[in-house]
Amino acid sequence: MIKYDYLIVGSGLFGATFAYRANQAGKKCLVIDKRPHLGGNVYCERIADINVHKYGAHIFHTSNKQVWDFVNSLVEFNRYTNCPVANYKGKLYNLPFNMNTFYQMWGVQTPDAALAKIEEQRRNVLNDLQGREPANLEEQALSLVGRDIYEKLIKGYTEKQWGRKCTELPAFIIKRLPIRLVFDNNYFNDKYQGVPIGGYNKLIEALLCGSEVKTDLDFFDKTSPYNSGNWRDVANRLVYTGPIDEFYDYVYGKLEYRTVRFETELLNEANHQGNAVVNYTEGSVPFTRVIEHKHFEMFGPEVYENPRTVISREYSEEYRDGMEPYYPINNERNNSIAEKYRSRSMSECDIVFGGRLAEYKYYDMAPVIEKVLNLDV
Ligand SMILES: Cc1cc2nc3c(=O)[nH]c(=O)nc-3n(C[C@H](O)[C@H](O)[C@H](O)COP(=O)(O)OP(=O)(O)OC[C@H]3O[C@@H](n4cnc5c(N)ncnc54)[C@H](O)[C@@H]3O)c2cc1C
């Protein structure tokens, strides 16, 4: 059997970027993934000529020029700018909170009038608090933006996301709620953003070019020739991007996650909601968002060149075995368990642990790439 320099477990952005760098350094890599496809969570499934973000909407954004230049050297990015819209009881509001939102909420037309309205609302809440610190997320949000914005745009959405009442969630989850006194619907403050032209699979293909890849291969499957028990027979070093608790057979306990269930539908209409992302902020609507995938890559009249469209309704759910682990729940219990796994992983001199699952940390795409660009390979 060939001896590889690296066996890389996981073909998501961490594993694929590592493979790219190792390849550039003349190292021989084998990348395995237990899923039937490459790319991890950025994988796109092609439905009716539309790239469908199978594991949730992904928008690349960064202010790091090195990362932006790196990804653009592999695939060109389009001009997609994330401008989500919120639907509350059938009325639409622009996000993030900006002059458009305040006009829609109160009819105010100037920054001074908007600020006065927000301050008036905040004052009422601060009076009720009588000088004490906000004790939960509801009080925190109310004290930052007042009742109208909280009740229409934050409360229901946050409760669906976390599966708990805002009064039962800790205040620290919301540290700041930035308010923009300009008419600017661009969700991100980063200098660069977009989506790869032709979809994320193109980026992954470019990153994995030169590496050997195998899908449908679980690192913990004892019948595989590249499993956790015998990997040192086939490679000098291991890059592990799967769940860290699974790597150590859950000896310190299982880490908890929130997950998202997607209900994806192909529709016989060209343009369903006119925007890639619409948040449903009302508590009684069971889904949190509806994503219309074509808007990530088709703009203006191009939208009508394809008579069909694909939408995904997103339901935020409690994670159970067999589901995709998406968002780490960074409470005291999980943080302390994760710390034990992390300390143990530090003693492994021939294994690199990286990415959102192996580090038990929410990472956007750009920071994952930045991290790998700064590693020694
Ligand atoms: C719903 C959602 C939306 C997001 N939206 C954005 C966004 O808009 N913008 C942004 O910048 N970031 C976004 N992210 C974050 C982004 O998905 C991550 O930064 C990125 O996927 C991290 O890459 P990774 O390689 O660490 O993990 P992953 O992409 O999860 O890759 C890990 C891979 O390891 C494989 N694996 C695990 N265990 C094994 C095993 N035992 N054997 C073999 N293979 C295994 C998995 O199958 C998977 O393919 C979003 C994340 C989620 C959950």
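This is a predicted model: local features need pLDDT of at least 70, side-chain atom pairs count only at pLDDT 80 or more; totals for chains, interfaces and linings use all residues.
Lys89 is exposed, with 11 other C-beta atoms within 10 Å. Residues are numbered from 1 along each chain as its sequence is written.

**The turn at Lys89**

- Lys89 lies in the loop between S6 and S7. (Such labels mark DSSP runs, numbered from the N terminus: helices are H or I with at least four residues, strands are E with at least two.)
- S6 and S7 form a hairpin with two residues between them.
- Phi of Lys89 is near 50°, a positive value in a residue other than glycine.
- Most residues other than glycine have a negative phi, and most peptide bonds are trans.

**The sheet**

- An open sheet is built from seven strands, in the order S7-S6-S12-S13-S14-S11-S15, and its pairing is mixed. (Two strands pair if DSSP finds at least two bridges between them.)
- Strand S7 (91–94) and strand S15 (327–328) stand at the edges, each with a single partner strand, so one side of each has no neighbour in the sheet.
- Helix H6 (residues 147–162) packs on the sheet and touches strand S6 (85–88), S7, S12 and strand S14 (309–318). (Two residues are in contact if their C-beta atoms, placed from the backbone, lie within 7 Å.)
- The direction of H6 makes about 90° with that of S6. (Axes are lines fitted to C-alpha atoms, for helices over the stretch in contact, and angles run from 0 to 180 degrees between N-to-C directions.)
- S6 pairs with S7 in the antiparallel sense over four bridges.
- S6 and S12 run parallel and are joined by three bridges.
- Ala86 has the bridge partner Tyr93 in S7 and the bridge partner Asn279 in S12.
- Strand S12 (residues 277–280) and strand S13 (residues 289–292) run antiparallel, with three bridges between them.
- Val277 stands opposite Ile291 in S13.

**Helices**

- The axes of helix H1 (residues 13–24) and helix H7 (residues 200–208) cross at roughly 35° and come within 7 Å.
- H1 brings Ala16, Thr17, Ala19 and Tyr20 to this contact, and H7 brings Ile204, Leu207 and Leu208.
- The contact residues of H1 with H7 divide into six nonpolar, one polar and no charged. (Ala, Val, Leu, Ile, Met, Phe, Trp, Tyr, Cys and Pro count as nonpolar, Asp, Glu, Lys and Arg as charged, and the others, Gly among them, as polar.)
- Helix H5 (residues 137–145) is mostly covered, with seven of its nine residues buried.
- The buried residues of H5 include Leu137, Leu142 and Val145.
- H4 and H6 are among the elements that cover the buried residues of H5.
- Gly146 follows H5 and has a positive phi, near 85°.

**Around the ligand**

- Of the 34 residues around the ligand, Gly10, Gly12, Gly40, Gly56 and Gly355 come nearest. (A residue is near a molecule if its C-beta atom, placed from the backbone, lies within 6 Å of it.)
- H1 and helix H11 (365–373) are the elements that give two or more residues to this shell.
- The shell residues divide into 17 nonpolar, eleven polar and six charged.

**Domains**

- The protein is divided into domain 1 (4–80 + 192–253 + 330–373) and domain 2 (96–173). (These bounds come from an automatic or database domain assignment.)
- The centres of the two domains, taken over C-alpha atoms, are separated by 37 Å.

- Pro111 is found in helix H4 (residues 111–129).
- Pro111 counts as partly exposed because 14 C-beta neighbours lie inside 10 Å.
- Not counting residues up to four places away in sequence, Pro111 touches Met99 and Leu181.
- Pro111 and Arg180 are 69 residues apart along the chain, and their C-alpha atoms are separated by 8.9 Å.
- Leu95 and Pro96 are joined by a cis peptide bond, with omega about -10°.
- Pro96 lies in the loop between S7 and helix H3 (99–106).
- Ala48, in the loop between strand S3 (44–47) and strand S4 (50–53), has a positive phi near 50°.
- With 15 C-beta neighbours inside 10 Å, Ala48 counts as partly exposed.

How values were computed:
A residue is buried if 20 or more other C-beta atoms lie within 10 Å of its own, exposed if 12 or fewer, and partly exposed in between; C-beta atoms are placed from the backbone.
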